[in-house]
Amino acid sequence: MEYTFPVTRTTSPKEKPDVNALGFGKYYTDHMFIMDYDEGQGWHDGRIVPYGPLSIDPAAATLHYAQMSFEGMKAYLNPQGGINLFRPDMNAKRMQNSNDRLCIPRIDEELFVEAVKALVKEDADWTPNAPGTSLYIRPFIISPEPSMAVHPANHYWFIIILSPVAAYYEGNDKELHGSRIWVEENYIRAAVGGTGFAKCGGNYSCGMIASEEAKKQGCEEVLWLDAKEHRYVEEVGTSNAFFKIGDTVYTSSLTGSILPGVTRDSTLQLLRKWGVKTEEKRLEIEEVLAAADNGTLTEAWATGTACVISPIGLLKYKGTEHAINGEKVGELSQKLYDTLYGMQTGTREPEMEGWVITL
Ligand SMILES: *Cc1c(COP(=O)(O)O)cnc(C)c1O
C-alpha cells in the first residue's frame, strides 16, 4: 500500500541548535506527524504539520488514567549524507503489543514505518552530525477525548516528534565508561500480569522515585529486581541488562515484566552469530554479586536505543559496593557498541541483513 501524507510547512523555521550542546530532549524540530483514530473510521488523516502545542480538554482521559503508549528510536546521519533507521519494523510491532495491552487500537506496521520515514525526511536537515549525536524519534498515542469514566477511548491521536540529541550518557560518545548502578530492593518497576512488557507512560512515573534514590547513593541508574521476591535481576533503568559469567552471557527471560528491547534482541542475535554462548533466564541477584566478587562476572552492560551499549562498572546493593572487572569496560561490551553503533551510523557494513534502512 502507498501512503502519502499532506504536509503543511512551518512559516517560521527555528534556528538549529549547537550540535555540541544538544542534551537529551531539549530541542524539537520544525514539524510533527499527527493522525486521528475514530471509532468506526479507524486511523485516518495522517499529516505533517508545524511542530507546536496541542489543544487538549482538561478532562482528556489520557491526562487522568494514562491510557497511552509510546516508542523510542533514532535516525543517524551516515557518511554518504543519507539517513539511517535501525529496525523500525520492530518498534511498529512492539507498539502493537503495547496497544493491545492498553486497549488502544493497533496501527498497521507499514503505516507506522511510512509515517516515521515521511517525518524524518521532512526534517532531515535537523539530523545532527557530531559524534554520538542522533535524531531521536518519539512516536506516541494519546486520547484527547474528555471522559472521567474509566474505559477505553473512542478517539486517539498518533503523534511523532523528533529531537536532535547528544549521547545519552555524557562522555560515552568519546569513550565508554562503566556506570555505577543502584540495586533497588524496595520499589518495583513492573509485576507479571501488569504492563512491564509495554512501553506506556505509567511504567516510568512509578520508577522515578528509585532513580532519585540511586542519585542520592552516587549511582547513575537503577537495577530493578522482580516484583514478587525481589530476588531476580530484571532491567537497568530503561535498558535491558546483560551479565557475562564464565563463558556465558545471561539476560533476563521475557517474563512479562521485562520490556523486550530492540537492542536486547539485536545483542542476542549478534552474540549468537559470533558463537558466544547466551542464555535467557531468571538470574538471581545473589548469584550476580557472588560472581562479581569472585571475578567470574567479567562484564555487564545495559542495552537500549538511547544508550546503545552502556557498560556497568559497579553494583551497589544494601550499602555494599561490588565492582565488576575493576570497573573497566569489557571487551565484548566494546565490540557490541562498535558493531551496533557502526551499523546504525553507517560507518560499518551491517552484519545483519535488513537491519539498517537508508532514507
Ligand atoms: C525502551 C526500553 C528498553 C530498551 O528498548 P530498546 O528497544 O532497545 O530501546 C528497555 N527497558 C525499558 C523499560 C524501556 O522502556
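The centres of domain 1 and domain 2, taken over C-alpha atoms, are separated by 27 Å. Domain 1 covers residues 31-165 and domain 2 covers residues 179-347, with bounds that come from an automatic or database domain assignment. The model is predicted, so local features need pLDDT of at least 70 and side-chain atom pairs count only at pLDDT 80 or more, while totals for chains, interfaces and linings use all residues. Residues are numbered from 1 along each chain as its sequence is written, and side-chain values use heavy atoms, with hydrogens and water left out.

The two domains meet through 24 residues from domain 1 and 26 residues from domain 2, where contact means heavy atoms within 4.5 Å. Between them they bury about 2000 Å², 62% of it on carbon and sulfur atoms; buried area is the accessible area (1.4 Å probe) that two parts lose on being put together, summed over both. On the side of domain 1, Phe86, Arg94 and Arg101 lose the most area to domain 2, together 31% of what that side buries.

Helices can be followed next; here they are DSSP runs (H or I, at least four residues) numbered from the N terminus. Helix α2 (residues 88-101) packs against helix α3 (residues 109-122) at an angle of about 125°, and their axes lie 9 Å apart. Axes are lines fitted to C-alpha atoms over the stretch in contact, and angles run from 0 to 180 degrees between N-to-C directions. The angle therefore makes α2 oblique to α3, a word for angles that are not under 35 degrees (roughly parallel), over 145 (roughly antiparallel) or 65 to 115 (roughly perpendicular).

A second pair is formed by helix α6 (residues 262-273) and helix α8 (residues 331-345), whose axes come within 11 Å and cross at roughly 115°. Thr263, Ser266, Thr267, Leu270 and Leu271 in α6 meet Leu332, Leu336, Thr339, Leu340 and Met343 in α8.

Definitions and conventions:
Helix = DSSP H or I, 4+ residues; strand = E, 2+ residues; numbered from the N terminus.
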